[in-house]
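Welcome! Open the structure in your viewer, switch to a cartoon view, and let's walk through it together, one selection at a time.

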Amino acid sequence: MTHPAICLPTLIAHRGYSAAAPENTLTAVRAAHQAGATWVELDVQLLGDGTPVIWHDSDINRCSDQRGELASLTWQQAQQLDVGSWFGDAFAGERMASLEAMLALLNELNMGVNLEIKVNKGRDPIALVETILPVVLAALPAERLIVSSFDAQALARCRLIAPKEALALGVLFGSIPPTWRSQCEAVEAFSIHPHWPRLKHTQAAAMRRDGYEILCYTANDPGAFESRWNWGIASAITDEPEAFQRYLNNRRQ
Ligand code: G3P
Ligand code: MG
């Protein structure tokens with residue numbers, strides 16, 4: 001069986017259009033769409049009461065008007081937070097997005113998503129996957145979804161729930177470990193998501209030979225990234241989809 005027929009975009013807006021709007025919010029996804037992006041990368045984790053939310057950090061200190069651990073919040077408490085003002089006055093009153101609301105928006109906009117299962121320290125990868133994956137699979141077609149994680153246990157549990165033809169899995173790496181190949185084979189990965197400055201040309205070539213798509217994060221300087229396109233990179237995950245696209249358009253003229 002093959003993987004889902006995913007048409008990968010050149011650019012994926014990281015945490016939504018996170019250079020233009022507060023990251024991982026509904027507004028950031030709408031901004032990405034308005035800027036012409038067709039896919040976004042988003043982080044998902046659970047509140048203390050088990051509600052899946054779109055959020056990156058283990059705490060709310062950086063991206064809200066309050067302080068504390070995400071894992072100590074209920075959904076009701078999370079909805080009291082202002083998650084927009086930290087980014088700019090124009091975003092005051094933005095609310096934390098539930099996974100459910102985000103999936104509805106992605107469908108409304110017909111956008112694809114690289115959903116990163118964010119297993120922060122002390123959190124249970126199995127509970128996270130068991131809670132979110134059925135919801136995600138029920139909401140999105142396989143052609144508009146890549147689920148990724150740094151966490152091998154989370155990826156393995158995803159693969160137990162959904163076979164290769166029903167779910168594309170991406171393995172996230174910082175530095176590429178010597179075991180990258182066995183890690184990818186273990187979960188029948190569709191793609192590898194390396195931190196782009198640490199990816200070597202020889203590693204990219206081996207990944208492509210093995211049939212993996214390569215999605216690099218987080219590429220914000222299109223000039224510095226330029227040579228990587230010749231390595232067979234499929235997509236750049238970027239905070240700056242608009243500026244990056246402008247650069248690519250000019251280069252092609
Ligand atoms: O999925 C790519 C990238 O988002 C991984 O790192 O910390 O930005 O979630 P981070
Ligand atoms: Mg992420």
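Here is a tour of a few stops along the chain. Keep in mind as you go that this is a predicted model.

Stop 1: Begin by selecting residues 9–248, which the UniProt record, an unreviewed entry, marks as "domain: GP-PDE". Over this stretch the chain is 32% helix and 18% strand.

**Stop 2: helix H1.** Next, select residues 26–34, which form helix H1. Seven of these nine residues are buried, so the helix is largely enclosed by the rest of the structure. Color them to see where they sit: Leu26, Thr27, Ala28, Val29, Ala31, Ala32 and His33. Then step on to Gly36, which follows H1 and has a positive phi, near 100°.

**Stop 3: strand E4.** Move to residues 112–117, strand E4. Is it mostly enclosed or open? Six of its six residues are buried, so E4 is largely enclosed by the rest of the structure. Show the side chains and look along the strand: Gly112, Asn114 and Glu116 point one way, while Val113, Leu115 and Ile117 point the other way.

**Stop 4: the neighbors of E4.** Which strands pair with E4? One is E2, residues 39–46, which runs parallel to E4 and is joined to it by six bridges. To find a spot on this pairing, select Leu42, which stands opposite Leu115 in E4. Another partner is E5, residues 145–149, also parallel to E4 and linked to it by four bridges. Here, select Val113 together with its bridge partner in E5, Leu145.

**Stop 5: helix H4.** H4 has 15 residues and reaches 21 Å from its first C-alpha to its last, close to the 21 Å expected at 1.5 Å a residue. Where does H4 bend? Zoom in on Ile132, where the bend is about 30°, and then find Pro134, a proline that follows within four residues.

**Stop 6: the buried residues of H4.** Finally, highlight Leu128, Val129, Ile132, Leu133 and Val136, which are buried. An α-helix has 3.6 residues a turn, so residues three or four places apart point the same way. To see what covers the buried residues of H4, show E2, E3 (52–54), H3 (99–109), E4, E5 and H5 (152–161), which are included in that cover.

Conventions: Residues numbered from 1 in each chain as written. Chains lettered and ligands numbered in written order. Predicted model: local features only at pLDDT ≥ 70, side-chain atom pairs only at ≥ 80, totals over all residues. Buried ≥ 20, exposed ≤ 12 C-beta atoms within 10 Å, placed from the backbone. Helix = DSSP H or I, 4+ residues; strand = E, 2+ residues; numbered from the N terminus. Pairing = 2+ DSSP bridges. Expected span 1.5 Å × (residues − 1). Bend = angle between axes of the 7 residues up to and from the residue. Contact = placed C-beta atoms within 7 Å. UniProt positions renumbered as here; feature names shortened; annotations may be inferred.
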